[in-house]
Amino acid sequence: MSDADRIDARTAEAGTREPLTGTLIFERGAEESRCVEPPVLDVPSVDLEDVLGGHARAMAPVLPHVTEVELARHYEHLASANFGVDSGFYPLGSCTMKYNPKVDEWACRLPGFARIHPYQPEETVQGALELMWGLQEALAEVAGLPAVSLQPAAGAHGELTGLLTIRAYHTANGDPRRRVLVPDSAHGTNPATVAMCGYEVVQVPSDERGGVDVAALKRLLDIDVAALMLTNPNTLGLFDENILEITSAVHEVGALAYCDGANLNAIMGWSRPGDMGFDALHINLHKTFATPHGGGGPGAGPVAVSDALAPYLPGPVVAQRDGGFAFAYPERSIGRVRSYAGNFGVLVRAYTYIRAVGGDGLRDISGQAVLSANYLKTLLADAWPVFYDRTCMHEFVMSGGPLRKSTGVRTLDVAKRLLDYGIHPPTVYFPLIVDEAMMVEPTETESKETLERFAAVLRRIAEEAAEDSGLLHGAPYSTPVRRLDEAAAVKNADVAWSPGDGSER
């Protein structure tokens, strides 16, 4: 079967899926239907109006009356309508949406991990503390930085934590400073974090090779700069060739270098941020170390820092003590940034992943991720122009600018059309410095056949754009929901169901 035949077959198959439309769960069932038979009331009944003093709701909640099988089918149907790594190719640039081994899910559900409570005495949770200590040590080795806090609950939360430790460090030295430098290719969370920490954001331009413009950086550096926030490899999928010169220049003015670890999947086992001169790094466990993410979680963003920043980390951290393990608090800690000791289930998954593959395995994972990206980039080179066309790391950024100029088809249209072929779109319109950007990250877990099929689909879409641009303007055709009016959705985000004419809630 040719690539084109495979594409057509997959599209036809996608079009036969049951749509997520029709009656809602609230509109199904009958008054006499139920999933469970409640026990007979064996306590005195109470009038809620008397108890709540006029604050009782005006009407009973309108809940569906359905059987257990109807309810099970409802949730199964919703789940089947969701797109995930387990259901198809998910080349979402800058997010490392890779397949997650099921053994990690098994481990985090073990009773000794799943059923403990964070307020238990330390002597009763030694296994959990040992796991956290082992994860701290492993992440410190991967980062090339000696101290780690597992508290932050996500990547952006890790950024905030890292920059707060940097702020505490400068303040303790009597030199709080006012500005933080951020490259123009940075993740959007970087300038947001800078602003949240009370600093002024200063943008650093990229050079003709896609890295930081070193000359421009040096002109911006002075004694009022607190830090440089830099992703390496950056969002263009490029390793900065001048990284040692960059971090050295930052340190010369007394500033610190912060590494956004979103792209750590490209370099772990090969190059360590601490060895590059970075003073702090957040690590997305839910991207790099096997936790399914998307739709808001779950996540974890541990922060690794240098010896100079270690006293300011949020506590508690886990330390060895008296032949066992215990919580400890850094002497000049910025305080908690999350309840308890972090998102423990994600920590268990990450530790299991690291122990399962080992150090050599982590290195192989990064090598395969880089190989996959460069292979895919090569397959698409003559059809989709790549900005900064040099050897990439884990991802690369294509431009749909020429396609838009010749056919009127935008990157958004291409992204929507990919859904008809059973492929999740890559990140679009980011980074902003690339016209009609489409950022592709294939990850190490996808097969050569999958990469080749994706390349064939993108080629076919380019042909469709030239033959019938209206086809792409109307895509997708096989999804439960077609294109939404995004402007209206922002202004009127009320999607709650209401009974009757909607006058009651």
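**Backbone, domains and salt bridges**

Reply: Tyr429 counts as partly exposed, at 28% relative accessibility; buried means under 20% relative accessible area, exposed over 50%, and partly exposed in between, with a 1.4 Å probe and protein chains only. Before we go on, this is a predicted model, where local features need pLDDT of at least 70 and side-chain atom pairs pLDDT 80 or more, while totals for chains, interfaces and linings use all residues. Residues are numbered from 1 along each chain as its sequence is written, and side-chain values use heavy atoms, leaving out hydrogens and water.

Me: What does Tyr388 do with its phi?

Reply: Tyr388 is not a glycine, yet has a positive phi of about 55°. You'll find Tyr388 in the loop between α13 and β10 (396-399), and at 22% relative accessibility Tyr388 counts as partly exposed.

Me: Changing topic: how is the chain divided into domains?

Reply: Domain 1 covers 104-357 and domain 2 covers 359-488, with bounds from an automatic or database domain assignment. Taken over C-alpha atoms, the domain centres are 29 Å apart.

Me: How many residues are in contact between domain 1 and domain 2?

Reply: On the domain 1 side, 31 residues are in contact with 24 residues of domain 2; contact means heavy atoms within 4.5 Å. The area buried between the domains is about 2,200 Å², and carbon and sulfur atoms give 61% of it. Buried area here is the accessible area (1.4 Å probe) that two parts lose on being put together, summed over both.

Me: Which residues in domain 1 lose the most area to domain 2?

Reply: In domain 1 those are Leu236, Asn265 and Trp270, together 25% of what that side buries.

Me: How many salt bridges are there between domain 1 and domain 2?

Reply: The count is 1 salt bridge, taking a salt bridge as a side-chain nitrogen of Lys or Arg within 4 Å of a carboxyl oxygen of Asp or Glu. Glu241 pairs with Arg390, their closest N and O atoms being 3.7 Å apart.

Me: And how many in the whole structure?

Reply: A search of the whole structure finds 22 salt bridges. One of them joins Arg349 and Glu105, at 2.6 Å between the closest N and O atoms. This pair links distant parts of the chain, 244 residues apart: Arg349 is in helix α13 (residues 344-380) and Glu105 in helix α4 (residues 102-108).

Me: Arg349 and Glu105, buried or exposed?

Reply: Arg349 is buried because its relative accessibility is 11%. Glu105 is buried as well, with a relative accessible area of 15%.

Me: What do the side chains of Glu245 and Lys218 do?

Reply: They meet in a salt bridge, 2.9 Å from N to O. Glu245 lies in helix α10 (residues 243-252) and Lys218 in helix α9 (residues 214-220), so the pair ties together parts 27 residues apart in sequence. Glu245 is partly exposed at 38%, and Lys218 is partly exposed at 42%.

Me: Which residues are linked in a network of salt bridges?

Reply: Arg404, Arg410, Asp435 and Glu436 are linked that way.

Conventions:
Helix = DSSP H or I, 4+ residues; strand = E, 2+ residues; numbered from the N terminus.
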